[in-house]
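Subject: Structure handover

Hello,

Here is the structure we discussed. My notes come after it.

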Amino acid sequence: MSLQSSEPRIYRAVLQLALPTIAQSFFHTLFFLVDRAMLGHYSTDALAALRLTSPIVWSLSGLLSAFSIGSVALIGRAVGAGDRALATATVRASLVFALGVGIAASGASLLGLDWMLALFPGVTAEIYDAAHHFLRIILFALPFDLLAITIAAMLQAAGDSRTPFVVAGAGVLLNLGVDSLLIYGKGGFPEMGVAGAAIGNGVGMVFNAVCLLAMLMRRQGILSIFDSSEISQRGKFKIWGTAEQSAFKRMIRVSSPTLAERVCRSFGYIGFTAIISGLGSTALATHEALLGLEAICYLSADGFGIAVAAIVAQRLGAGKPEEAERAVLAGMMMAIGMLGGFSLLFLAVPGSLLGIFTQDYHILALGIPCLTIVAVAQPFMAASFVLEQTLRGAGDTRTAFLISSLGWFVIRLLATSSFVWVLGWNLPGVWLGSTCDWIIRSFLLLYVLRRGRWQKAIV
């Protein structure tokens, strides 16, 4: 791959898909920042409680949405090959699976809530109670969240990143409105703190799912739950049949390594958070504030990754692997450039950025050195996000699983525990550990991409 060989139209294609996705990510990031800023100014315990709930919600969402990777790969290939019947069957199979798994996971998680929170020892009773209230509310909305994630991923794979962007923007505004009323108790509503933030999140999840599902009900949309015969009203609608069963089996085959990857990633992330929880409530609150800032970066990188994955799937479906390869390079270069800009910002005004979340002197003193480390990590994280999404879009999920598992268990946890417990570097050691992961992971992924075997993955 070479930069000179990348055609301008490939850059335009990546940007056309990436910019709405990145804007959508910024909407989510804005909500993430304001939500945590509200809770951070509400109380330090409330902000620290989110550090316990975040890995649980993030892990559940990541695990359950793993099968959307199969949907992305299959729909991208179908759109590239002009096979509407396959695309429709994949939509139906994905919706049925997402809703069923979401309901089952919600019920199981509510029953095991105390067990999940017991994974984080060393926190105060106030933080534990706040985290329990948040999760007890948000888990009821989990099926809607999974449905929204799955539909948005399918639309993006088909080349429509604007619809998820518009819906996400409206959902974020709704979230923020509910949060502003319920966290502090305004407009005659009760002061609910963390529980108010959870209700705001849940309302947004339901809104997103309903709006995106309505998009699939359109008979002439880029994706639809109706096939050609049903659109012409000559066929009888059915949600499940032979075509859906076949699509489902192909989705499972492609997605299974991603599920295994996210299981490993979730345990790794929980272990990572357990290390931080042992450093005390100040470290927990500081880490949550730092993640609020870094969220801008990794969601932006993921936006480019999602765009590249869609283009790769479509180009491979159309039998154009060279264009797929050029799209990878274009997306990676643009992601590195954007996150490099954030790195400079982190180095220039770290105190002002952390001040968005809190004015606590202890959090500021602990967090400012960490932001220097975060700045170093950004270009490597950008490359890793885009390259991992490339492998998933191509259907080479097994390789993505192996590299991600190596990063979490061998590199990140080992390095972090060494820096924190052996060398005694406290929270900066945590961020050094994650930076080591991103650096090594990005070089491994570059090696895999240059070998080119991902272009021949069977979907």
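The notes below cover a pocket, some aromatic pairs and one serine.

This is a predicted model, in which local features need pLDDT of at least 70 and side-chain atom pairs count only at pLDDT 80 or more, while totals for chains, interfaces and linings use all residues. Residues are numbered from 1 along each chain as its sequence is written, and side-chain values use heavy atoms, with hydrogens and water left out.

The largest pocket has a volume of about 220 Å³. A pocket here is an open set of points on a 1 Å grid over the protein atoms alone, where a 1.4 Å probe fits, with protein on both sides within 12 Å along at least five of seven lines; lining residues have an atom within 4 Å of a point. The volume is the space filled by probe spheres set on the points. Helix H2 (44–64), helix H5 (113–117) and helix H11 (242–277) each give two or more residues to the lining (helices are DSSP runs of H or I, at least four residues, numbered from the N terminus). Among the lining residues are Ile56, Trp115, Met116, Phe267 and Ile270. By class, the lining has nine nonpolar residues, two polar and no charged (Asp, Glu, Lys and Arg count as charged; Ala, Val, Leu, Ile, Met, Phe, Trp, Tyr, Cys and Pro as nonpolar; the others, Gly among them, as polar).

Aromatic pairs. The whole structure holds six (rings of Phe, Tyr and Trp, the last by its six-membered ring, with centres within 6.5 Å; planes under 30 degrees apart are stacked, over 60 edge-to-face, the rest tilted). Tyrosine 298 and phenylalanine 385 are stacked, with centres 6.4 Å apart and planes at 15 degrees. Tyrosine 298 is in helix H12 (residues 281–317) and phenylalanine 385 in helix H15 (residues 361–394), so this pair ties together parts 87 residues apart in sequence. Phenylalanine 385 is buried at 17% relative accessibility (buried is under 20%, exposed over 50%, partly exposed in between; 1.4 Å probe, protein chains only). Phenylalanine 385 also pairs with tryptophan 438, tilted, at 5.6 Å and 40 degrees. Tryptophan 438 sits in helix H17 (residues 426–451), 53 residues from phenylalanine 385.

Serine 224. This residue is in the loop between helix H9 (194–216) and helix H10 (228–231). Serine 224 is buried, with a relative accessible area of 1%. The side chain of serine 224 reaches the backbone oxygen of arginine 218 at 3.0 Å.

Regards

Methods. Polar contact = N/O pair within 3.5 Å; in protein donor to acceptor, adjacent residues only side chain to side chain.
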